[in-house]
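Take a look at the model below.

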Amino acid sequence: MRSVSLLGSTGSIGTQAVDVLLGEPDRFRVVALAAQSSTEVLLSQAAVLRPEIVVIGDESLYGVVRDGVPPGTEVLVGIPGLVAAAACADVVLNAVVGFAGLPVTMAALEAGKRLALANKESLIAGAPVVQKARRTPGAEIVPVDSEHCAVHQCLAAVDDLTAVARLLLTASGGPFRGRSPAELQMVTVADALAHPTWSMGPKITIDSSTLMNKGLEVIEAHELFGIPYDRIDIVVHPQSIVHSMVELRDGSTLAQLSNPDMRLPIGYALGWPTRSAIPFGALDWTSPTTLTFEPPDREVFRCIDLAYDAGISGGSAPAWLSAANEIAVEAFLAGRMTWSGIADVVAETLEGWRDEPVEEVESVLAADEEARVRARAVVSRRCRTIQAPRR
Ligand code: NAD
Ligand code: MG
């Protein structure tokens, strides 16, 4: 029986993870749950799963949670709560969204645990320190992100990474595939949130519309598998059935296929190397299926090249990219900025990037903060410009 800390339990990944965990009660026992502010969902999860620890990010909600959990449950708050919860289980599922997931990633790895990683932002922004923590005895990362889970499965057939010619990360292309820049001028938040194949939290859904998600995943793949950037490609595959591919030097291409259902990669990361007995996402091969592949439009989806550039620069550049993107996405979701402004804000913020050594968590936090301050200034300037009356 594996003990599991499910952190970010009330979100899209978190609630799907609860499904997986409830489906195999003989394999997994939940010892900790965490959420930022959704107390109602958190308390109903606690009533069913009976964890030892419940963490609430927003300290003002401590009383609500303390009064609502089953007797004997320990209630913790904020980052110290996340850190404690990340060190107390065999497997830590980091399903927190954004840079806020960094303490979970670091604490799980430093405690020598398996990190089932959905929160890509922590690995991308904190790569130099996360890689150090990953060398702790017992620590390992098993990816939850569907593309990286697919690559992880394909690489199991390869005994040596020198056999790998390239990684091919598939992308659905998002809701704006095939649109021209002119057509994308007026898209709304609702348009961008209407993902064609996946139902996900708002931040990653917007990232999927700009293809920043795929750019972030290129950096994530580089960090997870150590493959150089010039051997990681993006292929648009609108059906989201092939979750990624590994091309080998002998000409073979390996792929993992299933219907888009995050419960499959969640179950894989929690249980690996033992497979789940529940066929989440199994395909029906008796009905005709067409799979198509095309290159991404890197001129319309400028975030792809911004991410490659930041990844190749290394150091704190991916932290700047990810932080600027979080600020830009927040501004877009709040209706303060246009969709195409997201790439502009990230690009303009990164123009101010200077390479600084990233050796400690403190330098990651400082890089993140500096990028946020600059990105907010860019957003404010853009809002003023957009709202200024025309002469
Ligand atoms: P979401 O917005 O639906 O959920 C986020 C969760 O994190 C919520 O439970 C929220 O309460 C919690 N949270 C946020 N800040 C917190 C804090 N400071 N302390 C404690 N909890 C906090 O997001 P999501 O779509 O589930 O995505 C989660 C992560 O998984 C993201 O990094 C995303 O990129 C990644 N991911 C998601 C999907 C998907 O299908 N949703 C797929 C691949 C990767
Ligand atoms: Mg993904």
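A residue counts as buried when its relative accessible area is under 20%. Keep that cut-off in mind for what follows. The model shown here is predicted.

Start with strand β3, residues 53-56. Which way do its side chains point? Ile53 and Val55 face one way, while Val54 and Ile56 face the other way. All of these residues are buried.

Strand β3 has a parallel partner in strand β2, residues 28-35, and four bridges join the two. In this pairing, leucine 33 stands opposite valine 54 of β3. How does the chain get from β2 to β3? It crosses through helix α2, residues 39-49, and this β-α-β crossover is right-handed.

Strand β3 also pairs with strand β4, residues 74-77. These two strands run parallel as well, joined by four bridges. Here isoleucine 56 stands opposite valine 77 of β4. Helix α3, residues 62-68, belongs with β3 and β4 to a right-handed β-α-β unit.

Isoleucine 56 counts as buried because its relative accessibility is 0%.

Strand β5 covers residues 91-94. Val91 and Leu93 point one way from this strand. Val92 and Asn94 point the other way. All of them are buried.

Strand β1, residues 2-7, runs parallel to β5, and four bridges join them. Valine 4 stands opposite valine 91 in β5. Strand β6, residues 114-117, is also joined to β5 by four bridges and runs parallel to it. Which residue of β6 is the bridge partner of valine 91? That partner is arginine 114. Between β5 and β6 the chain passes through helix α5, residues 102-110, in a right-handed β-α-β crossover.

## Around ligand 1

How many residues surround ligand 1? There are 22, and the closest are Thr10, Ser12, Gln36, Glu121 and Gly201.

| Residue | Atom in the residue | Distance to an oxygen atom of ligand 1 |
|---|---|---|
| Serine 12 | polar backbone atom | 2.9 Å |
| Glutamine 36 | backbone N or O atom | 2.8 Å |
| Glycine 201 | backbone N or O atom | 2.9 Å |

Taken alone, ligand 1 exposes 830 Å², and the protein buries 88% of that area. Two elements give two or more residues each to the shell around ligand 1: α1 (12-23) and α6 (120-125).

## The magnesium site

Ligand 2 is a magnesium ion. Which residues are its protein donors? They are Asp145 (OD), Glu147 (OE) and Glu217 (OE), at 2.1 to 2.2 Å from the ion. Along the chain, the donors follow the spacing D-x1-E-x69-E. Aspartate 145 and glutamate 147 are both buried.

## Details in the loops

Aspartate 261 sits in the loop between β11 (253-257) and α12 (263-271). Is aspartate 261 buried or exposed? Its relative accessible area is 14%, so aspartate 261 is buried. Its side chain makes a polar contact of 2.8 Å with the side chain of arginine 263.

Further on, look at the peptide bond from tryptophan 272 to proline 273. This bond is cis, with omega near 10°. Proline 273 lies in the loop between α12 and α13 (303-313).

Leucine 211 is not a glycine, yet its phi is positive, at about 65°. Leucine 211 is in the loop between α10 (202-210) and α11 (212-225). Leucine 211 counts as buried because its relative accessible area is 4%.

Serine 240 is not a glycine either, and its phi is positive too, at about 50°. Its place is in the loop between β9 (232-236) and β10 (242-248). With a relative accessible area of 4%, serine 240 is buried.

Definitions and conventions: Residues are numbered from 1 along each chain as its sequence is written. Chains are lettered from A and ligands numbered from 1 in the order in which they are written. This is a predicted model: local features need pLDDT of at least 70, side-chain atom pairs count only at pLDDT 80 or more; totals for chains, interfaces and linings use all residues. Side-chain values use heavy atoms; hydrogens and water are left out. Donors are N, O and S atoms within 2.8 Å of the metal (3.2 Å for Na, K and Ca); water is not among the atoms, so sites may look incomplete. Buried means under 20% relative accessible area, exposed over 50%, partly exposed in between (1.4 Å probe, protein chains only). Two strands pair if DSSP finds at least two bridges between them. A crossover is right-handed if, with the strands pointing away from the viewer, the path from the first strand over the helix to the second runs clockwise. A residue is near a molecule or strand if one of its heavy atoms lies within 4 Å of it. A polar contact is a pair of N or O atoms within 3.5 Å; within protein, one must be able to donate a hydrogen and the other to accept it, and residues adjacent in sequence count only if both atoms are side-chain atoms. Accessible areas come from the Shrake-Rupley method with a 1.4 Å probe; for residues, only the protein chains shown count as cover.
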